[in-house]
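The following exercises are to be worked with the sequence and the three-dimensional structure at hand. Each task is followed by a solution in steps.

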Amino acid sequence: MLLPKFNFYEPKTQGEALSIMNEYGLKAKLIAGGTDLLANMKRKLLSPDALVGISEIEEFKNLEISDKTIKIGSCFTVSAIAESAVIEKKISALAVGARALGTPLIRNLATIGGNLGSARPAADIPPSLIAYNAKAVLKSVSGERTVLLDKFFKGPGFTEIQPNEILTEIIIDIPDGYYGAGYINLGIRKAQDCNIVNVASFVSLDEPNGVINSARIVMGCVGPTHLRANAAENILIGNKPSEKLFQEAAKIAESECKPIDDFRASAVYKKAMIRVLTKRTLDIAVKEASLK
Amino acid sequence: MSNYDVINSNAPRVDTPAKAKGKAIFIDDMSMPDMLFGALLQSPIAHGKILNIDISAAKKLKGVKAVVTAKEAGLIPYGVSPARYDENVFCHDNVRYIGDEIAAVAAVDLETAIAAASLIKVDYQELPALLTIDDAMAEGAPVLHKKYPRNICAQVNQEFGNFEAGLKESDIIKTTTFKSKRQDAAFLEPQGCIANFDKLTENLTLYSSTQVPHYVQRILSMVLKLPIGKVRVIKPYLGAGFGIKAGTNTMEIVSCLLSMKTGKPVKMNYSREQVFMFGRARHQFVHTMTTGVKKDGTLMALKNECYLDGGAYTSFGIATVYYSGSLLGGPYKLPNMKYDGYRIYTNKPACGAQRGHGGVIARACWEQQLDMIAEELGMDPIELRLKNMMVTGDITCNDFNMSSLGMKECIEAVKDGSEWNKKKGKLPKGKGIGMACGFFVSGAGYPIYRSDTYHSTAVIKLTEDGGTALLYTASSEIGQGSDTTMAMIAAETLGIPLSDIRIESGDTDFGVDLGAYSSRQTLMTGHAVYDAAAHVKQQILEVLAEELNISADEIDIKKGIIIFKKSQPDFSKLRERYIKEHRGWTDNPSADDPLTFKEASRIAFLAKGIISANGKYKPHQLGGKFKGAAVGTSPAYGCSAQIVELTVDEQTGQITIDNMIDAHDCGFAINRVSVEGQMEGSLSMGLGEAMFEEVKFDSKGKIINADLAEYKIPTALDMPPVKAIIVESSEPNGPFGAKEVGEGAIMPTIPAILNAVYDAAGVRIFELPLTPERVYQAILDYKNKKAS
């Protein structure tokens with residue numbers, strides 16, 4: 001399989017990149033690691049006139065940490081996320097997702113921005129980021145805007161990013177107090193797999209062993225985009241974590257997901273696994289929250 | 001400790017430095033001056049009649065040098081076995097699967113070749129696509145090949161002993177049906193080749209990623225109508241084959257055809273997708289088996305019915321359908337065995353031979369059934385197996401001679417190594433342990449075409465200075481380590497260090513060798529190499545004996561030194577002559593040094609010219625006079641036992657393999673580290689087939705997972721720690737007692753996993769692969785059944 005012909009640009013600055021995108025719009029595709037894009041181009045699913053390589057732009061590769069926020073540049077690699085001690089400490093479920101993605105070779109090339117921008121409902125990075133209530137920064141020549149990741153995905157392969165925009169940064173506000181999150185992905189084999197189902201759950205407690213004051217459950221592979229289990233989240237809030245409560249929440253989450261049958265697994269199995277993984281990720285989240 | 005200096009050790013492989021440094025040359029690395037690139041036009045529909053082919057637009061494209069169809073290629077049928085030559089180079093009447101080859105182009109670069117192929121216009125009349133065995137055997141279904149009504153490509157009906165009588169004497173009778181899925185061998189290197197036809201001399205050279213240069217040479221000669229002597233096939237380094245590269249592929253013929261048309265070298269490669277489309281890996285099998293045993297566990301009778309989904313052509317299939325019956329003849333004493341096998345044509349890529357040819361799924365079905373029987377008898381599964389186990393000297397009901405069989409030693413090794421007695425039935429919920437056995441041939445007893453040919457020849461010649469032995473063999477190093485094995489056998493036999501052997505292999509100009517398939521090279525090529533080395537050594541000893549006026553029987557060679565078994569004669573005159581020959585050289589021996597092989601070889605050269613010898617091997621007369629006896633008879637049989645420990649997550653159905661232990665009787669390990677490597681590789685491949693692997697099709701017959709992302713082989717994280725135990729039973733028919741390990745070691749893997757799943761979760765699963773969903777569903781069904 002050969003790549004179709006295309007022009008290649010490699011801007012050195014953000015400004016340069018933005019003006020190229022402004023000129024080309026839909027005819028250009030951004031490329032960072034290329035782990036998804038190039039495979040699709042070889043399959044002739046995509047053949048953009050131009051590729052704009054942005055991985056040489058230093059400001060897109062930054063990791064900025066303060067007491068209140070973590071800002072991750074869109075070209076920050078998945079392996080760098082997997083190895084970051086701060087990410088592991090503050091937002092561990094993201095690190096778990098990063099370690100679940102592809103293989104070491106793919107992780108060395110793949111970027112957080114690419115994993116969000118390609119908008120695959122089975123992707124490993126989005127669920128935990130949504131669970132942490134992360135935001136995406138989108139820039140264009142005419143300015144910048146910030147979009148909640150929960151509202152960012154529009155369908156398989158489609159996002160809020162406009163043709164002249166670049167996803168430059170992910171912002172995670174570090175939650176106050178006692179919080180934790182869990183991420184589990186389920187596939188056929190232990191690595192380099194397309195998930196059958198994945199779930200990230202976030203909870204925060206008002207005090208150690210206290211009641212849940214916020215919760216987010218994000219389900220992957222069971223809809224055109226990642227889905228929130230809103231009803232399940234609602235029954236958690238105001239209650240103390242318990243086996244019974246989490247089982248109940250898991251059961252509700254199962255009823256909230258909308259999987260389809262495909263060659264990877266049946267919808268029935270995916271639903272059942274949403275229930276199992278919701279329960280298990282809630283257990284991880286609460287365990288982590290209680291240790292904070 | 002062994003008395004050997006070279007063999008039976010852990011030798012670094014002779015090809016390791018080149019591979020580790022990236023210096024090893026594979027087809028993809030090769031190019032030639034003026035080389036053209038070839039591309040195929042392959043059918044986009046699974047079944048149809050070709051109404052018209054228009055190549056005019058393709059011919060006109062700039063850079064295109066040749067376009068060929070069936071008109072140019074002719075219609076000489078070919079395949080793997082002459083019993084089923086059912087392929088043509090290009091389709092001329094019908095297309096039979098998505099990927100069937102219709103035309104090819106040679107152009108100045110690959111982009112142009114691909115573009116030109118896409119400009120070829122073909123009109124089809126679409127026919128119903130027969131995608132399952134049921135579709136293909138249905139009343140009134142179209143027939144893929146006229147000679148084979150109801151699309152039965154091959155049918156085998158055999159009975160050894162009397163099944164019904166055996167069943168009457170049985171106390172327990174068990175019937176199960178087991179279904180596997182079509183495999184892809186997922187070797188790292190897609191097939192590729194470069195053909196170079198010299199129009200002046202009419203010599204054709206093909207460099208190809210093949211396991212069998214000899215068979216490819218014969219097919220090229222036959223299809224292209226060239227004398228064998230004008231066709232040379234060379235195999236560079238290979239990124240494995242596992243059986244799929246043991247037949248001739250379309251590109252191998254087409255690149256030659258294009259080179260003959262253009263007079264230029266032509267390179268062709270399969271993409272990964274084309275590797276899947278070409279297929280030729282393990283069939284899908286559906287086995288139904290009925291086994292009868294006495295109360296004391298004595299096996300009395302087995303009836304085995306098998307349907308193979310063959311795909312559009314036969315490839316190795318005629319052998320496969322025999323193997324899926326015959327390989328259950330051992331390793332247990334089984335007096336009565338009936339087999340009915342049917343290989344069915346379907347509109348999918350052809351299936352063929354893959355590691356453990358034909359026997360893997362039969363073994364999986366039966367070894368699981370044996371565990372079910374053991375449970376019903378209240379017998380430990382190991383006890384049941386030991387009770388029925390053959391020993392050295394036993395002959396199976398279908399005439400396989402177990403000239404050596406360390407099966408019992410294998411079972412005991414894994415039993416002790418896994419602490420079976422402490423664990424079986426005593427592990428916590430969700431954890432399980434399972435075992436199984438298996439055996440396999442050490443080379444097919446007969447070539448694929450009927451002939452009295454030697455199966456292997458080898459030539460060894462010594463360099464004129466005496467320092468190096470050059471070993472030439474047409475055998476195929478495909479990653480399994482055969483070059484190292486052959487070099488070690490040559491070194492040991494000659495009595496010199498491994499570093500003094502230089503091996504060249506994989507070239508039809510080096511002699512005849514049937515190649516790397518059916519686990520044959522260690523035994524067969526090994527014999528030929530031993531034969532050549534022994535003759536070279538004898539020539540040296542004879543010259544020495546004459547020069548020193550002693551008997552050749554009194555002399556030996558060891559570690560490169562001449563050993564005088566009785567008293568040491570005065571060899572100073574010989575040494576003087578040697579030093580005179582090498583006057584001014586820095587490495588001449590001093591007076592007190594023992595006489596070396598190098599000195600003796602130079603003296604032998606001075607007496608006789610280049611010292612060389614031809615070695616050869618073909619099997620002795622093997623058993624079996626019945627139809628199909630040629631499939632399964634072998635000079636020797638390797639065998640193995642495995643124990644698997646695993647964990648089943650009952651909520652998700654996910655299985656984690658925790659530990660595997662394998663004991664394999666390879667007769668004698670030439671290179672211990674290579675034997676262990678083959679065992680580990682077999683386990684990994686068996687694990688993949690058991691747990692993940694399945695080639696999937698859409699409703700039109702197109703493969704939907706023709707890549708290594710969606711066709712899932714085990715990753716490093718899926719592989720558990722493996723303990724590989726070598727058992728050596730000393731095979732009388734093998735060189736130094738050696739027999740196979742390359743394929744037999746895969747036999748017990750799948751059933752050992754199945755039996756461990758039962759131990760862990762209480763469920764028997766009769767369909768592969770063991771995906772989380774399938775296991776989850778089985779557990780759910782089991783719980784529901786228990787509740788009701």
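**Exercise 1: An interface within chain B**

In this predicted model, the rule finds 2 salt bridges across the interface of domain 1 of chain B and domain 2 of chain B.

*Task.* Determine how the domain assignment divides chain B, and characterise the interface of domain 1 of chain B and domain 2 of chain B.

*Solution.*

1. Begin with the domain bounds. The assignment for chain B gives domain 1 (16-22 + 454-617), domain 2 (31-127 + 189-239 + 244-278) and domain 3 (284-446 + 624-787).
2. Locate the two partners. A distance of 41 Å separates the C-alpha centres of domain 1 of chain B and domain 2 of chain B. To their contact, domain 1 of chain B contributes 18 residues and domain 2 of chain B contributes 16 residues.
3. State the area. About 1,300 Å² is buried between domain 1 of chain B and domain 2 of chain B, with 53% of it on carbon and sulfur atoms.
4. Examine a salt bridge. B:D509 and B:R232 meet through their side chains in a salt bridge, at 3.0 Å from N to O; the cut-off for such a pair is 4 Å.
5. Count the polar contacts. Between domain 1 of chain B and domain 2 of chain B there are 8 residue pairs in polar contact, both residues being at pLDDT 80 or more. On the side of domain 1 of chain B that touches domain 2 of chain B, the classes are 7 nonpolar, 6 polar and 5 charged residues.

**Exercise 2: The interface between the chains**

*Task.* Describe the contact of chain A with chain B.

*Solution.*

1. Count the residues: 21 of chain A are in contact with 29 of chain B.
2. The area buried between chain A and chain B is about 2,200 Å², and carbon and sulfur atoms give 56% of it.
3. The rule finds 4 salt bridges across this interface. A:R43 forms a salt bridge with B:D707, with the closest N and O atoms 3.5 Å apart.
4. Helix α11 (residues 267-291) of chain A supplies the largest share of the side of chain A that touches chain B, namely 5 residues. By class, that side of chain A has 12 nonpolar, 3 polar and 6 charged residues.

**Exercise 3: A loop residue**

*Task.* Is B:L622 buried or exposed, and which residues does B:L622 touch?

*Solution.*

1. B:L622 lies in the loop between β22 (612-617) and β23 (637-648) of chain B.
2. B:L622 counts as buried because its relative accessibility is 7%, the cut-off being under 20%.
3. Not counting residues up to four places away in sequence, B:L622 touches B:G445, B:Y446, B:T633, B:S634 and B:P635. B:S634 is 12 residues from B:L622 in sequence and 7.1 Å away in space, C-alpha to C-alpha.

Key. Residues are numbered from 1 along each chain as its sequence is written. Chains are lettered from A and ligands numbered from 1 in the order in which they are written. This is a predicted model: local features need pLDDT of at least 70, side-chain atom pairs count only at pLDDT 80 or more; totals for chains, interfaces and linings use all residues. Side-chain values use heavy atoms; hydrogens and water are left out. Contact means heavy atoms within 4.5 Å. Buried area is the accessible area (1.4 Å probe) that two parts lose on being put together, summed over both. Helices (H or I, at least four residues) and strands (E, at least two) are DSSP runs, numbered from the N terminus. Ala, Val, Leu, Ile, Met, Phe, Trp, Tyr, Cys and Pro count as nonpolar, Asp, Glu, Lys and Arg as charged, and the others, Gly among them, as polar. Domain bounds come from an automatic or database domain assignment. A polar contact is a pair of N or O atoms within 3.5 Å; within protein, one must be able to donate a hydrogen and the other to accept it, and residues adjacent in sequence count only if both atoms are side-chain atoms. Buried means under 20% relative accessible area, exposed over 50%, partly exposed in between (1.4 Å probe, protein chains only).
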